[in-house]
Each structure stands twice: as C-alpha cells, then as structure tokens.
Amino acid sequence: MPNYVTEPSRRTEISSKVDVLVAGGGMAGTVAAVSAARAGAKVLLVERYGFLGGMATAGLVDTIPPVARGVGLEVERRMREAGAIGTERAFWASWDPETIKKVCLDLAEEAGLDMLLHTLVVGVLGKGRKPTGIVVENKSGRRAILAKVIIDATGDGDVASKAGAPYVFGDEKGKTLPMTLMFNLRNVDKSRAKKYLNPSIKDFLRTAIEQKEVDWSIGLGQYDGQPGVCAAPMVHEDEVTIWGGTIEGLNGVATEDLTKAERLARRHASILLSVLRRHAPGFEKATLATTASQVGVRESRRILGEYYMTLQDAAEGKKFDDRVGYVEYGKWKYWVPYRMLVPKKVDSMLVAGRCISAERELMFRAGLREIPASMVTGQAAGTAAALCARFGTSPRRLSVPKLQEELAGQAAVPA
C-alpha cells in the first residue's frame, strides 16, 4: 500500500489582489506592512494568530533591547505614552504584551492596510523565479491572493522556502539554538524577590532536582548566551517573567518536534512554579498569569540572499553602498545592506526579521534576530516592496538610492 494519497485537483478562488503581501504579523511583519502602506501601497497582512506582535505577544518575549529609530521608535514611544514600559536596565526594558497588541493594531489600522488574521500560508503561486501570490487556508476555506511583491516575515522563512529560495539551517551540523517557553507570574513580592530577578532563579530548581523533589528534563544553564531558567521584573508591580529553560535538539519547523517542545515546556512550567512557591523568597503567593501562546523558537531557516552578512562585517562597521538600516545592540553598532533582504533565485519577494541572509553568529551574538533589529529590516523591506509596486520593478532591480532616500525621509537610518 502506498504511503501517500492523491488529492483531487481543484480551482481556488482569488480573494484579493494587492501591491504588497506580508506573510507574518510579528514585529518585523507589522512594521513592514505599515511602512509599505504609508509609502502608498495596497497592502494585505496575513497572520496565523488573532493578533499582531509575534514573539513580543504570542511568545511573551518582552524584555526588549533599546529601539533606535524608524517605526520601531514610534512603537516604543506609544508604549511609553501608554505607561506600558516598566523596569529598564542598560540592555533591555520590560514591555507589556497586551499593550503591544493594541499598538500594533492601531498602527496597522491607521496606515489603512488590510489584514487576514487566523490564516495560514500553505502555498506559493507562480512558476519559476517569479511568485505571483500565495495560497492561504482559514475557516473560510482555501483561497488565493495575488501580489506584486511578497514579504516573508514568518521568522522561519516559510514562504520563501516554499517559493524555492535556498536557505541554511542552524550551524554546519544543522543544530539550532534551543527553544524556550516564556510565562508570566503575578502576586510576586518583588521587593523580597529582587536579588533573584535577573540573572537567575535556577539555584532553587537545581537544589530541588538534587534532592529528588522534582523530575526535571529541560536545560537549566546558559547555552550560547541564552539564559536557561531565569526571571526578570515585568511592567506591573507584582509581575515577573520567567524563561522556562532551554529545550535542545529539536527542530523549530518540524511539527512533531514543536509538539514535543510544547508538551515538555508546559508541564515543566507548573513544576518550576511549585518550586519557586516553596523555596524562593517573594514567590510564596505567586500565581501563573499567562503562558506564551507558543514555545519560543530562536533559530531555524535563514534564507540566502544576494549578500550573506557576517559577524565580521558588523565588527568592522562595514558601511555598505546599499545600506538600508542601522542596528544598535549593546556594544554592537552596524549597517544592514539591502541585498541581504533579497532572496537568491526568487524575484518579487523580500524577507525580513529572523529569516534574513546572515551568519548565525551575527543573528544571536550581535542581536540581528532580536525585536528591534527585526523592526529595522521590516521597515526596509516594506518600503522597498512599496517602491517596487509603484515603479513596476522587481526587488532585485530596485533603485537603491531611491530606497535610501525614502528611508532617510522616514528617519529610519542615521544621516
């Protein structure tokens, strides 16, 4: 018996035709869609959840490094005006995820773009190098959307890889950074818990494990700079965010592995909470306020573009002729070239966020995968896509000086 079935052919309704289609409503995709709409394009943003913000909302990744400029700075300003930025350290500040959802939605609606929430991209239309649109599925069924330019802001490069763009995955052996489930606690006495908030609460858990008080099977310590089990103060007076440990050896784009990670991490969240309540000062009355909607995937596909940026490029402060963004991440300050947003072998497509063409060490050591940098590449990709639609050209042939001029006018790049 064959291990496959043959599906019947079918005709798929074209539900819309747009200038720019953005797949993924995380911070990169939201900023890309807003930037494209502000530049005059007809934009449709497709997102699998019922809200925007991606890892900042669905993933509860809300200890966010400083934002430097562009739409990202506008997001930060609105968060401050709403009183939704709390504890601030030299390297990060805590942001309230519910307010991020509202700010992203407000920006999208003010820009006049269209959205399809609760929608998955399941296919790419078009033959050869030039995709003409995507196929989506949602509760309304299966539909096609045609677009002049597509932006893949899925984080995992789902759309670009479906279109045939080449990519790399993890390190030279295919190993990726670990996954982590974030969750938030309330009713924490932060005045008493202060000394245990950032860098670590892992000692309490380690003792409980050694004494066979709990059964634990997730990494505790740091892994390539990732914090392991850790806690940090959040916006509200009694609120703390928790890194639930590092889940290693699983594939962030394999559904079976994601399912395993979710089952493991969610079971361990309650174990960790019980340990903290019994042993950690200030956590005696802690309650689980919310868990992330999904386990956090730090690394998967990186789409190979017309330029592959390295950590050395950033260290040297290389000032690319086609620079379209500037990232500031602690000691790291570097330019982003436009070519890294343009996938090889595919026209009419750009990438933004965690799936761009860069060396993995640049992504996680110099912050290129972080939320502020993702907003930088999102703004460049969205603006470029709108100009491509306006001038009837492909991303590969777009006038970079024109794009740079447009971005300078948006205060997206330093003078």
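Q: Which strand order does the open sheet of three strands have?

A: Strands of a sheet pair through backbone hydrogen bonds, either parallel or antiparallel. Here the open sheet of three strands has the order 3-5-4, with antiparallel pairing, where helices (H or I, at least four residues) and strands (E, at least two) are DSSP runs numbered from the N terminus, and two strands pair if DSSP finds at least two bridges between them. Strand 3 (63-64) and strand 4 (85-88) stand at the edges with a single partner strand each, so one side of each is left without a neighbour in the sheet. Strand 3 is joined to strand 5 (residues 93-95) by two bridges, the two strands running antiparallel, and T63 has S94 in strand 5 as its bridge partner. This is a predicted model, in which local features need pLDDT of at least 70 and side-chain atom pairs count only at pLDDT 80 or more, while totals for chains, interfaces and linings use all residues. Residues are numbered from 1 along each chain as its sequence is written, and side-chain values use heavy atoms, with hydrogens and water left out.

Q: What order do the strands take in the open sheet of four strands?

A: That sheet has the order 12-13-11-14, again described by antiparallel pairing. Strand 12 (229-233) and strand 14 (287-291) are at its edges, each with a single partner strand, so one side of each is left without a neighbour in the sheet. From one strand to the next the twist averages 30°, with axes taken as lines fitted to C-alpha atoms, for helices over the stretch in contact, and angles running from 0 to 180 degrees between N-to-C directions. Strand 12 and strand 13 (residues 240-244) run antiparallel and are joined by five bridges, and A231 has I242 in strand 13 as its bridge partner.

Q: Which strands does helix 7 lie across?

A: Helix 7 (residues 255-279) lies across strand 11 (182-186), strand 12, strand 13 and strand 14, and runs at about 35° to strand 11.

Q: At what angle do helix 1 and helix 2 pack?

A: Helix 1 (residues 27-38) and helix 2 (residues 70-81) pack at about 110°, and their axes are 10 Å apart. That makes helix 1 roughly perpendicular to helix 2, given that angles under 35 degrees count as roughly parallel, over 145 as roughly antiparallel, 65 to 115 as roughly perpendicular and the rest as oblique. Through contact, meaning heavy atoms within 4.5 Å, M27, V31, S35 and R38 in helix 1 meet V71, E74 and V75 in helix 2.

Q: Which residues touch the most other members of the largest nonpolar core?

A: A nonpolar core is a set of buried Ala, Val, Leu, Ile, Met, Phe, Trp, Tyr and Cys residues joined through side-chain atoms within 4.5 Å; buried means under 20% relative accessible area, exposed over 50% and partly exposed in between, with a 1.4 Å probe and protein chains only. The largest core has 96 residues, of which L21, Y338, L350 and L368 touch the most other members. Helix 10 (residues 371-391) gives the most to this core, with 10 residues. Leaving aside neighbours within four places in sequence, Y338 is in contact with D322, V324, L350, A384, P395, L398, V400 and L403. A second, separate core of 43 residues includes L205, I242, F283 and V295.

Q: Is S357 buried or exposed?

A: S357 counts as buried because its relative accessibility is 0%, and this residue is found in the loop between strand 18 (349-351) and helix 9 (360-365). Its contacts, leaving aside neighbours within four places in sequence, include I303, L304, G305 and M340. In the loop between helix 9 and helix 10 is A366, which also counts as buried at 0% relative accessibility.

Q: How many residues of strand 16 are buried?

A: Five of the seven residues of strand 16 (residues 323-329) are buried, so the strand is largely enclosed by the rest of the structure. Six bridges join strand 16 to strand 17 (residues 332-337) in an antiparallel run. In the hairpin of these strands, which has two residues between them, G330 takes a positive phi near 60°.
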